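Me: I would like a close look at a single part of this model. Please keep the answer connected and give the cut-offs.

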Amino acid sequence: MSKAAQLVVVAAVAGAVLALPAGAAEPGEIPGITVTGTPAVRVAPDMAEWSFGVQARASTARAALRAAAARSRAVVAALRAAGVAREDIQTQNVSLYPHVDDGTGKVEGFQASSGVRVVVRSLGRVGAVVDAAARAGATDIFGPQLTTSNRE
């Protein structure tokens with residue numbers, strides 16, 4: 001706990017003690033003070049979570065979804081080739097939107113997107129993993145969210 005946090009706790013306890021009137025305890029009760037706090041643990045991260053996405057446009061919904069799926073498979077294959085374990089790659093989302101002409105309001109086609117969440121268990125490998133996803137066609141790259149493998 002930091003010095004500032006310790007001072008806040010000491011000040012709160014002192015204030016509570018001083019605020020108690022003498023003899024405030026009920027007969028048979030042991031007088032006391034209850035202090036509530038939030039513990040904090042600081043650890044250095046050793047893993048990074050990233051999200052990689054692809055997009056595709058086509059004249060039909062089916063074609064847009066197929067194209068996005070093919071691009072997503074290419075990104076996943078590149079991630080696997082870069083050393084990311086299969087269990088560390090998870091489909092995050094699949095979306096489909098109509099592409100509407102602003103002037104006529106007519107649906108001209110569809111845009112599909114797909115994304116995967118990836119856990120990189122070695123921070124030294126992050127650059128190679130991101131490069132592999134980008135070379136394979138990832139158009140959306142979000143991250144990192146730094147985490148630790150030791151949850152305790």
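Which residues form a nonpolar patch on the surface, and about how much accessible area do they have together?

Reply: The model is predicted, with local features needing pLDDT of at least 70 and side-chain atom pairs pLDDT 80 or more, while totals for chains, interfaces and linings use all residues. Residues are numbered from 1 along each chain as its sequence is written, and side-chain values use heavy atoms, without hydrogens or water.

The patch consists of L65, V94 and L96, with about 240 Å² of accessible area together (Shrake-Rupley, 1.4 Å probe, only the protein chains shown as cover). Patch residues have over 30% relative accessible area and no salt bridge, with nonpolar side chains joined within 5 Å; a salt bridge is a Lys or Arg side-chain nitrogen within 4 Å of an Asp or Glu carboxyl oxygen. L96 sits in strand β2, residues 89–100 (strands are DSSP E runs of at least two residues, helices H or I runs of at least four). L96 counts as partly exposed because its relative accessibility is 34% (buried is under 20%, exposed over 50%).

F142, in strand β4 (residues 140–147), counts as exposed because its relative accessibility is 54%. Its C-alpha atom is 6.5 Å from that of F52, 90 residues away along the chain.

Terms used:
Patch = residues over 30% accessible without salt bridge, like charges linked within 9 Å, V, L, I, M, F, W, Y side chains within 5 Å. Buried < 20%, exposed > 50% of the residue type's maximum accessible area, 1.4 Å probe, protein only.
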